Amino acid sequence: MKITVNDKVLEAAPGQTILDVAREAGITIPTLCHIEGLPPTGACRMCVVEDTKTGKLIPSCSAPAWEGMSVHTHSPKALEARRTIVELLLANHPDDCLYCVRNGSCDLQNYSEELGVRQRRYSGDKSQYNLDISSPSIVRDPDKCILCGKCVRVCEEIQGVSAIDFIGRGSKAHIGCAFEEGMNVSSCINCGQCIMVCPTGALTEKSNTAEFLAALKDPEITVVAQHAPSISVSIAEDFGIKAGTDIVDKMNGAMKRMGIEYVFPTSFSADLTIMEEAAELVDRVVNNKPLPMFTSCSPGWVKFMEQFFPDFMPNVSSCKSPQQMLGAVVKRIWAKEQGLDPKKVFHVSIMPCTAKKFECDRPFMRDGKVRDVDAVLTTREFAKVIKMFGMDLASIPGEPSDNPYGDRSGAGKIFGASGGVMEAAIRTAYKMITGEELENLDIKGVRGFEGIKEAELKIGDLTLKAAVASGLGNARKLLEAVRDGKKTYHFIEIMTCPGGCIAGGGQPFSNDSDAIRSRMQALYQIDAGASLRRSHENPSIQKLYKDHLDKPGSHAAHKMLHTKYETREVLK
Ligand code: SF4
Ligand code: SF4
Ligand code: SF4
Ligand code: FES
């Protein structure tokens with residue numbers, strides 16, 4: 001069908017909204033409550049456009065395009081309506097931009113600027129709620145909330161958690177957790193997906209930047225950093241570089257310039273995780289231990305399982321995540337080899353994930369009183385630190401990662417995408433079971449953005465049945481099917497965030513589907529071009545086992561690289 005937008009005739013497909021058609025034509029209409037991929041709620045009316053025939057304002061995010069319609073997206077009437085909406089929101093908003101984490105990345109601030117709001121036309125009573133800093137990962141500032149409802153929808157409809165909801169009515173309406181308690185006792189699994197959709201500073205990550213900066217300037221402390229596989233293909237976006245550009249060397253260079261002494265890629269320890277996880281899978285299959293085995297490297301999923309599916313606890317791999325494996329190896333092996341007191345080593349981890357802040361403080365993630373990972377900074381936090389040091393990633397000279405943990409395989413790199421852990425584990429499990437190398441390393445059935453993916457692979461006499469879920473709402477469906485006996489698998493990968501770590505809750509806010517797609521493509525390209533593509537080929541991993549850990553699944557490896565889980569009682 002044909003519709004006219006801003007005097008231009010455009011083609012519209014049945015079911016498309018006016019917003020969809022306009023966006024395809026490169027026309028930007030501001031939105032506050034719209035979430036790509038979810039049905040519209042029409043709550044904010046920021047997206048109104050003017051029907052040129054009737055003069056009526058239509059919410060473009062929910063109104064379907066119809067044959068012959070004609071709208072103006074930025075008519076004086078539409079602009080005035082949007083300006084009034086922003087002014088009314090600002091009437092009950094703290095004038096806090098200079099001190100706000102979202103200063104410079106806030107939709108409300110941007111729209112206010114774009115619409116030319118220059119004075120307070122309405123004033124009302126300001127909300128005065130308590131800041132919720134109880135969570136290790138998420139900070140809630142309800143005073144900055146504009147009640148768009150996006151966080152509630154993402155938490156319930158995408159993540160299947162429902163940790164937050166609307167409470168109260170009218171002027172008392174606000175977002176909160178069950179019984180108005182803090183996030184720390186709620187069912188929140190720390191994924192940060194609510195932060196990614198929040199248009200203001202009402203939801204942000206709990207920052208660990210101050211601890212990191214304090215360690216950097218302490219002459220007695222040796223600072224060691226790791227960076228997750230997806231960071232090098234996402235952080236560039238915060239510096240205006242094209243999404244999916246791999247800038248790992250420049251990132252290393254920036255880290256060294258700010259005073260980090262050693263930089264190890266987490267994809268090194270992703271290879272280590274694969275060695276342990278593949279060995280565990282083989283052990284479970286051969287010795288009739290609980291199957292399916294679930295991956296354990298996504299901490300939001302682990303907490304979700306502990307709260308909602310504790311009956312699957314024996315099925316979850318006991319392997320620590322790559323972050324925690326590298327933390328343990330650095331503090332418990334490397335520091336001693338260097339003659340350093342582990343208490344004087346500060347291990348900072350740059351992650352795409354807010355839940356990693358929770359994970360590093362779990363029990364068993366320390367040696368006595370010494371934590372394996374001291375601080376987790378999200379991609380966004382770390383990009384800000386780089387800017388604080390006056391560096392521009394585009395122009396900084398690159399540097400290699402450090403030894404002895406600088407090598408990685410392509411398998412270790414694809415951990416950042418949903419299906420990547422499964423693919424990497426199969427490459428190594430194949431070798432462990434058959435003694436031969438898997439020839440076709442691209443296991444396409446587990447790649448891509450589908451919420452639930454399945455694959456079968458012949459490994460010797462075994463036909464391995466595998467499934468991959470990303471987004472915990474999808475995981476919930478898969479788990480229920482397994483629990484009900486409707487589906488049977490040997491191995492299931494679960495990633496908390498839809499699409500995997502490339503779309504984690506700590507990633508840059510330029511998080512549209514095109515950017516996320518580019519990040520995923522970049523990881524698979526890096527793998528395709530890698531000289532080593534199987535974790536067990538990584539020479540530094542082989543040396544680590546030879547010198548310290550004996551073999552995958554050994555007593556020494558278990559002591560350092562494996563963990564335990566606990567049933568969690570939370571407010572639901
Ligand atoms: S949420 Fe946005 S508008 Fe509100 S104080 Fe923060 S930056 Fe300013
Ligand atoms: S962090 Fe995740 S689980 Fe927690 S409130 Fe936000 S979306 Fe829900
Ligand atoms: S916390 Fe953010 S996402 Fe949630 S309703 Fe408020 S403004 Fe919207
Ligand atoms: S974005 Fe359309 S009503 Fe909110």
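## The largest cavity

In this predicted model, 23 residues line the largest cavity, with Cys 297, Pro 352, Lys 356, Met 495 and Cys 501 lying nearest its centre. A cavity here is a set of points, on a 1 Å grid over the protein atoms alone, where a 1.4 Å probe fits but cannot get out, and lining residues have an atom within 4 Å of a point. Helices H8 (266-286), H9 (299-308), H10 (322-337) and H11 (355-359) each give two or more residues to that lining; helices are DSSP runs of H or I, at least four residues long, numbered from the N terminus.

By class, the lining has 15 nonpolar, seven polar and one charged residues. For these classes, Ala, Val, Leu, Ile, Met, Phe, Trp, Tyr, Cys and Pro count as nonpolar, Asp, Glu, Lys and Arg as charged, and the others, Gly among them, as polar. The space inside the largest cavity comes to about 260 Å³, a volume being the space filled by probe spheres set on the points, which are joined across faces, edges and corners. Counting cavities of 30 Å³ or more gives four.

Next up is the second largest cavity, at about 150 Å³. It has 18 lining residues, and Cys 145, Cys 151, Ile 175, Ala 202 and Leu 203 are nearest its centre. Its lining splits into 13 nonpolar, two polar and three charged residues.

Ligand 3 sits in this second largest cavity, meaning that more than half of its atoms lie within 2 Å of the grid points. Among the residues surrounding ligand 3 are Cys 145, Cys 148, Cys 151 and Cys 198; a residue counts as near if one of its heavy atoms lies within 4 Å. The shell around ligand 3 holds 10 nonpolar, two polar and no charged residues.

## The other two ligands

Around ligand 2 you'll find Cys 155, Cys 188, Cys 191 and Cys 194, among others. Its shell has nine nonpolar, two polar and no charged residues.

## Domains and ground rules

An automatic or database assignment divides the protein chain into domain 1 (2-88), domain 2 (127-205) and domain 3 (210-561). The C-alpha centres of domains 1 and 3 are 41 Å apart.

Residues are numbered from 1 along each chain as its sequence is written, while chains are lettered from A and ligands numbered from 1 in the order in which they are written. Local features need pLDDT of at least 70, side-chain atom pairs count only at pLDDT 80 or more, and totals for chains, interfaces and linings use all residues, with side-chain values based on heavy atoms and hydrogens and water left out.

Notes
1 Å grid on protein atoms, 1.4 Å probe; cavity = no way out; pocket = protein on both sides within 12 Å on 5 of 7 lines; lining within 4 Å.
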